[in-house]
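Dear colleague,

I am handing over the structure below, together with some notes on it. Please read the notes with the coordinates open beside them.

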Amino acid sequence: NISHITSIYDEQDRLVEVFAQTYDSLTGALVPDSKLETFYHGNSSTLIDSFAVLQWSPDSMDWVVQLTSWNVYDNQNKILESYSSIGFLGEPILFRDAYYYDDKGDNHIIESFAIFEGEEIPRGLTENTFMNHLLTAAVVYALEGDNFIPESRETFLYAPFGILSRHSIMAWNLEIENWQLSITIDHEYDEEQRLSSKFITYYSEGVPADAERPTYLY
């Protein structure tokens, strides 16, 4: 299966569109498949106002939106709300995340909602922990009935100068009512503090089961 991907950058060298085509054996030509469009927040190279994922429809000969997401910022460029919409059986489903900050300016709470017929229904909560403005833990809870149930937990350890050293991902085990490791990712850097390798360990029921080590050359 032959595919062709085109990446488009703006004058600030920001990736604004990724356009994918596939080979049609009947016509012997490349035909549209999908594309990602990204719109940045002002002159920022990292903050995004919105993005959209579109799929080409041979029937209508037009692009069909599969996923859209857009953000709302305050006057200090802190994200206040994030909306996303996905298509389901031809109908859009809308979600909203609300971001809350502590007195140090760190985003310590994210509340998640689903929106049906204009009514917001709580669906989850994320609690973030910071040290020196570095994220050290993120715990995701899912709403079941009137209670928030633990779902996943990520922790972050840092080397000097704030470089990420270890990223751990855990899942909540209902049987033992505790966290179990799913993945650990250990990062290694060269003398210029560039990522040189990762050691990724996968766990089964909390026990190391498999691993891989990708390396990076510059």
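What follows goes from the whole chain to a few individual side chains.

This is a predicted model, in which local features need pLDDT of at least 70 and side-chain atom pairs count only at pLDDT 80 or more, while totals for chains, interfaces and linings use all residues. Residues are numbered from 1 along each chain as its sequence is written, and side-chain values use heavy atoms, with hydrogens and water left out.

The protein chain has 15 strands and zero helices, where both are DSSP runs numbered from the N terminus, a helice being H or I over at least four residues and a strand being E over at least two. Along the principal axes, its C-alpha atoms fill a box of roughly 55 × 50 × 40 Å. Of the 218 residues, 27% are buried, that is, under 20% relative accessible area with a 1.4 Å probe and protein chains only, against over 50% for exposed and in between for partly exposed. The chain exposes about 14500 Å², of which carbon and sulfur atoms supply 53%, the areas coming from the Shrake-Rupley method with a 1.4 Å probe. Among contacts (heavy atoms within 4.5 Å) with a separation of 6 or more, 11% are between residues 24 or more positions apart.

As for charges, the mean positions of the 11 positive and 36 negative ones are 8 Å apart; Lys and Arg count as positive and Asp and Glu as negative, without His and the chain ends, and each charge is placed at NZ of Lys, CZ of Arg, CG of Asp or CD of Glu.

Ile-109 is found in strand 8 (residues 107-116), and it counts as buried because its relative accessibility is 17%. Leaving aside residues up to four places away in sequence, Ile-109 touches Ala-98, Tyr-99, Tyr-100, Leu-125, Thr-126 and Glu-127.

There are four aromatic pairs, a pair being rings of Phe, Tyr or Trp (its six-membered ring) with centres within 6.5 Å, stacked if the planes are under 30 degrees apart, edge-to-face if over 60 and tilted for the rest. Phe-19 and Trp-63 are edge-to-face because their planes stand at 70°, with the ring centres 5.9 Å apart. This pair links distant parts of the chain, with Phe-19 in strand 2 (residues 15-24) and Trp-63 in strand 5 (residues 62-73), 44 residues apart. Trp-56 and Trp-63 are also edge-to-face, at 5.2 Å centre to centre and 75° between the planes, and ring pairs link Phe-19, Trp-56 and Trp-63 into a cluster.

With kind regards
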